[in-house]
Amino acid sequence: MYGQFVQTPCLTIRYGGGMPRSQAATGRRVRSAPATNGDIKKAVCDATERLLAGRRFTELSVADILGEAGVSRASFYFYFASKYELLSAVSERAIDDVYDVAQSWLEREHDEPPIDALRDAMRGALQQWRTHGPVLRAVAEASVTAPEIDAQWRRLVGRFTTAASAQIERERAAGVAPEGLDAHTLATMLTWMTERALYLTVSGERPQFTSDERLADTLAGVWWRAIYGAGPAGAGASSGLLQSR
């Protein structure tokens with residue numbers, strides 16, 4: 001039986017015995033992983049992100065990535081079956097950074113007004129989309145034509161949907177947000193709306209927004225009104241929104 005693989009952003013750790021996937025698929029002997037495997041993977045991921053800053057993903061070849069990273073073709077294919085698998089790994093690394101800043105609302109402190117937590121989350125998310133814009137743009141665009149990238153992107157966005165749905169339920173249980181629309185459906189709609197707005201911002205597509213600050217504040221306001229803005233339970237958050245204008 002093959003060993004179990006655990007996939008992390010630009011890092012695969014194998015537990016147990018068995019052959020690497022490439023050997024299992026071809027039956028050929030594959031050389032042992034270099035001792036600097038983590039460095040090789042990081043180099044490839046970093047090189048891909050640099051290249052995407054100036055070129056579309058469809059324009060990149062594996063040879064381009066190898067040249068930029070300074071690694072051999074054998075090393076690349078030891079860890080990545082294709083450039084699409086590499087894009088999945090790079091995008092997961094970027095989304096981890098977005099998810100980290102979203103914690104300001106997903107794990108909101110009880111003494112922090114919801115609108116402030118949402119605003120911090122949106123501003124942080126927009127900053128991370130700016131930082132990783134080429135990668136996030138590439139994976140969003142590749143998801144249209146590549147089923148494996150589409151599945152990866154939906155899984156990554158679904159991570160936010162699940163966490164947001166749970167937070168809505170917690171806020172309702174605490175009496176901070178009123179009961180209302182189905183929490184999971186609401187979280188799904190808000191998350192994909194935000195994904196589209198952030199994608200438009202980093203891709204240069206229309207419509208364009210007047211400023212990052214206004215976009216972040218508007219997104220926070222939409223989330224606040226959808227989650228907290230109806231009924232008596234939203235009254236405490238209302239003053240927080242008005243004071244922020």
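**Close-up views of helix packing in a predicted model**

**View 1. Helices α5 and α6 lie side by side in this predicted model.** The axes of helix α5 (residues 83–106) and α6 come within 7 Å and cross at roughly 170 degrees. An angle over 145 degrees counts as roughly antiparallel, so α5 and α6 are roughly antiparallel to each other. From α5, the contact uses Asp 97, Val 98, Val 101, Ala 102, Ser 104 and Trp 105. From α6 come Pro 114, Ala 117, Leu 118, Asp 120, Ala 121, Gly 124, Ala 125, Gln 128 and Trp 129. By type, the residues of this contact are 10 nonpolar, three polar and two charged.

**View 2. Helix α6 also packs against α9.** Helix α6 covers residues 114–131. The axes of α6 and α9 are 10 Å apart, at an angle of about 45 degrees. The two helices are therefore oblique to each other. Their crossing is right-handed. On the α6 side, Met 122, Ala 125, Leu 126, Trp 129 and Arg 130 make the contact. They meet Thr 194, Glu 195, Leu 198, Tyr 199, Thr 201 and Val 202 of α9. Seven residues of this contact are nonpolar, two are polar and two are charged.

**View 3. Helix α7 packs against α9.** Helix α7 spans residues 133–142. Its axis lies 9 Å from that of α9, and the packing angle is about 120 degrees. That angle makes α7 oblique to α9. This crossing is left-handed. Gly 133, Arg 137, Ala 140 and Glu 141 are the α7 residues in the contact. Their partners in α9 are Glu 195, Arg 196, Tyr 199, Val 202 and Ser 203. Here the residues divide into three nonpolar, two polar and four charged.

View 4. Gly 204 follows α9, with a positive phi near 80 degrees.

**View 5. Helix α8 is close to its expected span.** Helix α8 (residues 147–173) has 27 residues. From first C-alpha to last, α8 reaches 38 Å. The expected value is 39 Å, at 1.5 Å a residue. Just after α8, Gly 175 takes a positive phi of about 80 degrees.

View 6. The protein averages a pLDDT of 82. Of its residues, 78% score at least 70.

Technical notes:
Residues are numbered from 1 along each chain as its sequence is written. This is a predicted model: local features need pLDDT of at least 70, side-chain atom pairs count only at pLDDT 80 or more; totals for chains, interfaces and linings use all residues. Side-chain values use heavy atoms; hydrogens and water are left out. Helices (H or I, at least four residues) and strands (E, at least two) are DSSP runs, numbered from the N terminus. Axes are lines fitted to C-alpha atoms, for helices over the stretch in contact, and angles run from 0 to 180 degrees between N-to-C directions. Angles under 35 degrees count as roughly parallel, over 145 as roughly antiparallel, 65 to 115 as roughly perpendicular and the rest as oblique. A crossing is left-handed if the near helix is turned anticlockwise from the far one by less than a right angle, and right-handed if clockwise. Contact means heavy atoms within 4.5 Å. Ala, Val, Leu, Ile, Met, Phe, Trp, Tyr, Cys and Pro count as nonpolar, Asp, Glu, Lys and Arg as charged, and the others, Gly among them, as polar. pLDDT is the predictor's confidence in each residue, from 0 to 100. The expected span of a helix is 1.5 Å times one less than its number of residues.
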